[in-house]
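Grab your viewer and work through a few exercises on the model below. Try each task yourself before you read the solution.

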Amino acid sequence: MIEIWNVYDINRNLQNKTVKRGSKTLANDEYNLAVDIWIVNSKGEHLIQKRASNKAVYPSYWECAAGGAVIAGENSTQGMIRELEEELGIIPDLSKAQKVFEFIRRDSHVDVWLIIDDFDIDSLSLQQEEVSAVEWVSTDKIYQMLNDGIFVPTIMPGFEKVMEIIK
């Protein structure tokens, strides 16, 4: 499926334009919308995923539970729900989800979502094109993985905000 993205300006104003994923047609002053989803369980552990080895960016690196671009016609909440369902087979309880942060990463406005809930990772349905493994890990383990160069560094602004909230 070819994804179509809405185009936004630096101030996150929706423009009257869309682009196809991978078309490299975003100008320097154009952005798409993306979501990073962090899931924390009742033990304070983080659900993380290992990116598939065929991914163009950060193949086989670990990252937050799920994430990706919001497609045209979706809002951030809808994008978050779709990404979780596609990548992990999770339909989130929206009463346990909150958007906690926004930042700009390269050419994307990124909404960071936090879900505090317990999931049995053995019951998840991983999208093989995107995800090769999932794990519950401690905060210290995420920092160790980052130091070891196996955790996606560009998502860390969202992680730092999540850490402020759950402390």
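This is a predicted model: local features need pLDDT of at least 70, side-chain atom pairs count only at pLDDT 80 or more; totals for chains, interfaces and linings use all residues.

Residues are numbered from 1 along each chain as its sequence is written, and side-chain values use heavy atoms, with hydrogens and water left out.

**Exercise 1. Find the buried residues of helix 2 and say what they pack against.**

Step 1: Helices (H or I, at least four residues) and strands (E, at least two) are DSSP runs, numbered from the N terminus. Buried means under 20% relative accessible area, exposed over 50%, and partly exposed in between, with a 1.4 Å probe and protein chains only.

Step 2: Go through residues 139–147, and you get Thr139, Ile142 and Met145 as the buried residues of helix 2. They sit on the same side of helix 2, because they cover an arc of only 120 degrees around the axis (the arc is that of the directions from the helix axis to the C-beta atoms).

Step 3: Look for partners. The buried residues pack against strand 3 (32–40), strand 4 (46–51), strand 5 (62–63), strand 9 (131–137) and helix 3 (156–166); contact means heavy atoms within 4.5 Å.

Step 4: Walk off the end. Just after helix 2, Gly149 has a positive phi of about 75 degrees.

**Exercise 2. Work out how strand 8 pairs with strand 3 and strand 7.**

Step 1: Two strands pair if DSSP finds at least two bridges between them. Strand 3 and strand 8 run parallel and are joined by nine bridges; Asp36, for one, has Val112 of strand 8 as its bridge partner.

Step 2: Strand 7 (residues 97–105) is antiparallel to strand 8, with eight bridges. Here Phe103 is bridged to Val110.

Step 3: Check the connection. Strand 7 and strand 8 make a hairpin with two residues between them, and Arg106 in the turn has a positive phi of about 50 degrees.

Step 4: Eight of the nine residues of strand 8 (residues 108–116) are buried, so the rest of the structure largely encloses it.

**Exercise 3. Describe the largest pocket by its volume and its lining.**

Step 1: On a 1 Å grid over the protein atoms alone, a pocket is an open set of points where a 1.4 Å probe fits, with protein on both sides within 12 Å along at least five of seven lines; lining residues have an atom within 4 Å of a point.

Step 2: The largest pocket holds about 1100 Å³ of space. Of its 41 lining residues, Trp5, Arg21, Lys55, Val57 and Ala69 are the closest to its centre.

Step 3: Sort the lining by class: 14 nonpolar, 11 polar and 16 charged residues.

Notes. Grid points are joined across faces, edges and corners, and a volume is the space filled by probe spheres set on the points. Ala, Val, Leu, Ile, Met, Phe, Trp, Tyr, Cys and Pro count as nonpolar, Asp, Glu, Lys and Arg as charged, and the others, Gly among them, as polar.
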